[in-house]
Amino acid sequence: MNVKTSAKVKTQVKTLGDAASGAIEKYFRKTVEHEAEVIKDKDAEELHQMRVGLRRLRSAVTGFAPVLDWPKEASERKIGKVGRILGTLRDLDVMLESLQNRYYPNLPADEQEVLDEALLTLLKQRRRALKGVRAILEHKTYELLKKSIEEWLDKPKFRAIEHLPIAEVLPDLLLPQVSEFFLHPAWLLGTEYEDGKVKVADDLNESAVEEKLAAEGTMLHDLRKQAKRVRYLMNLFGDFYGETYEVYVEDVKAVQECLGDIQDCEVLGEFLTDFVDRDLKKELPKLAGLLAENRYAAWQKWQVLQRRYLNSEIRQGFRSALIHPAVEDAAKGDAPQQN
């Protein structure tokens, strides 16, 4: 009996080198195709797509590092620097969009007046950030980065393990990053030990959550960054796994997104507090309340995922999915069957 696999699973096993060059080319092309429009600054989505392309390119370079003979002019650090400069502009776009569309319509007139001034300040910051983006994209170091990647793609250079079948080494590429994800201390935020087991506290009210985030929220932000690394790395290899793998990818994405919502509220709150230069709850009580409500809603979503991933069976299922690429089953399915 043949083993059924996802329709997108490739039955022809690729080498590690093939997979590396394919991923790098895909995300490099995705990055540069948005470059001209980013410089024109007509559509914020172009910036978002270019930033995503850079992140995934960086993940590919990092994830395939053991097999790559990679040019130093296009190092992971240099790709990251470009991404951070674009990220500053993107973060301002997100703040502007959130304040204008999500919060502004729900505020009383006096708070809207204060927010009008805050939005003008953000727009000034955005103009400075846009200059920074245009400067880096027109700088010779960025041109050299692109040129070195183009030359590498013309004649890819690898280390000795390039000919290993990708299915044999996928677990070795994925498990280290996933292990870091599982071992992150943020999973224990808002938990207690009861009868030798970790229990997620389900009695924290909005005020208690605010205090906990103020004291230890940086841990969640760090876990969000690790979730992002894991997600982008796993996205590189979706073609080699089945549906169960995709469920875990979606879980990691959900962790990234709900922790991102918490972080976005924190960043907005910090900006507004600095802007009014006093207690935000007194100066903008309605807006401060909305920010707290949204943080608490995101926290509750986080707790659902926290409970799920503090379950040892779920973590073991995740590891098991990584250890058994579906491409192996496909190869077995194509092999002659013995009685």
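## Helix H6 and its two faces

The face of H6 turned away from its buried side carries Lys140 and Asp154, both exposed (over 50% relative accessible area, with buried meaning under 20% and partly exposed lying in between, for a 1.4 Å probe and protein chains only). This is a predicted model, in which local features need pLDDT of at least 70 and side-chain atom pairs count only at pLDDT 80 or more, while totals for chains, interfaces and linings use all residues. Residues are numbered from 1 along each chain as its sequence is written, and side-chain values use heavy atoms, with hydrogens and water left out.

The buried residues of H6 are Tyr142, Leu145, Lys146, Ser148, Ile149, Trp152 and Leu153. They cover an arc of only 160° around the axis, which puts them on the same side of H6; the arc is taken from the directions from the helix axis to the C-beta atoms. These buried residues pack against helices H1 (16-32), H2 (35-40), H3 (44-63), H4 (76-103) and H5 (109-137), where contact means heavy atoms within 4.5 Å. Helices are DSSP runs (H or I, at least four residues), numbered from the N terminus.

At 1.5 Å a residue, the 15 residues of H6 (residues 140-154) should span 21 Å, and this agrees with the 21 Å between its end C-alpha atoms; the expected span is 1.5 Å times one less than the number of residues.

## Leucine 236 in the H8-H9 loop

Leucine 236 lies in the loop between helix H8 (206-235) and helix H9 (243-276), and it counts as buried because its relative accessibility is 13%. Leaving aside residues up to four places away in sequence, leucine 236 touches Ala23, Tyr27, Ser59, Ala60 and Phe64. Its C-alpha atom is separated by 21 Å from that of lysine 146, 90 residues apart along the chain.

H8 and H9 pack at an angle of about 145° with their axes 8 Å apart (axes are lines fitted to C-alpha atoms, for helices over the stretch in contact, and angles run from 0 to 180 degrees between N-to-C directions). The residues of this contact of H8 with H9 divide into 13 nonpolar, 5 polar and 5 charged (Ala, Val, Leu, Ile, Met, Phe, Trp, Tyr, Cys and Pro count as nonpolar, Asp, Glu, Lys and Arg as charged, and the others, Gly among them, as polar).

The axes of H8 and H11 (residues 285-309) come within 11 Å and cross at roughly 65°. The residues of the contact of H8 with H11 divide into 8 nonpolar, no polar and 5 charged.
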